[in-house]
Amino acid sequence: MNDGTVALPWLVIREDDNGNRYRVGRYATEDEANKTVDSLSDSGHKQLYWVERVGQTAH
């Protein structure tokens, strides 16, 4: 069974003001994930957003 890590290896992560982290979505390409981060950041949300590849820990 495929758990999606191969088909959707890029994650968008959000960190709120209290340091809690949440997965916003999974994407097939890094470009798609970055576009989502840009869109969320431009829409006035005050949380921190970033892109990670499954199995990678950036923060």
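# Note on the β-β-α-β model

1. Lys35 and Asp31 both sit in helix H1, 4 residues apart, or about one turn of the helix. Helices (H or I, at least four residues) and strands (E, at least two) are DSSP runs numbered from the N terminus. The side chains of Lys35 and Asp31 form a salt bridge, 3.4 Å from N to O. A salt bridge here requires a side-chain nitrogen of Lys or Arg within 4 Å of a carboxyl oxygen of Asp or Glu. Lys35 counts as exposed at 53% relative accessibility, and Asp31 as partly exposed at 47%. Buried means under 20% relative accessible area, exposed over 50%, and partly exposed in between (1.4 Å probe, protein chains only).

2. The model is predicted: local features need pLDDT of at least 70 and side-chain atom pairs count only at pLDDT 80 or more, while totals for chains, interfaces and linings use all residues. Residues are numbered from 1 along each chain as its sequence is written, and side-chain values use heavy atoms, with hydrogens and water left out.

3. By the rule above, the count is 2 salt bridges. One of them joins the side chains of Arg21 and Glu15 at 2.8 Å, N to O. Arg21 is partly exposed, with a relative accessible area of 44%.

4. The protein has 1 helix and 3 strands, arranged along the sequence as β-β-α-β. The 3 strands make an open sheet, ordered S2-S1-S3, with antiparallel pairing. Strand S2 (21-27) and S3 are at the edges with a single partner strand each, so one side of each has no neighbour in the sheet. From one strand to the next, the twist averages 25°. Two strands count as paired if DSSP finds at least two bridges between them; S1 and S3 pair in the antiparallel sense over 6 bridges. Trp10 has Arg53 in S3 as its bridge partner.

5. H1 lies across S1, S2 and S3 and runs at about 175° to S3. Axes are lines fitted to C-alpha atoms, for helices over the stretch in contact, and angles run from 0 to 180 degrees between N-to-C directions.

6. The largest nonpolar core has 8 residues: Trp10, Val12, Tyr27, Ala33, Val37, Leu40, Tyr49 and Val51. Such a core is a set of buried Ala, Val, Leu, Ile, Met, Phe, Trp, Tyr and Cys residues joined through side-chain atoms within 4.5 Å. Strand S1 (10-15), helix H1 (30-42) and strand S3 (48-53) each contribute at least two residues to this core. H1 gives the largest share, 3 residues.

7. Apart from its neighbours within four places in sequence, Val37 contacts Val12, Tyr49, Trp50 and Val51. Contact means heavy atoms within 4.5 Å. Among contacts in the protein between residues at least 6 apart in sequence, 39% join residues at least 24 apart.

8. Gly55 falls in the segment after S3 and is exposed, with a relative accessible area of 81%. Its C-alpha atom is separated by 8.7 Å from that of Pro9, although Gly55 and Pro9 are 46 residues apart along the chain.

9. Of the 59 residues of the protein, 31% count as buried. The accessible surface comes to about 4,100 Å², and 45% of it belongs to carbon and sulfur atoms. Accessible areas come from the Shrake-Rupley method with a 1.4 Å probe; for residues, only the protein chains shown count as cover.
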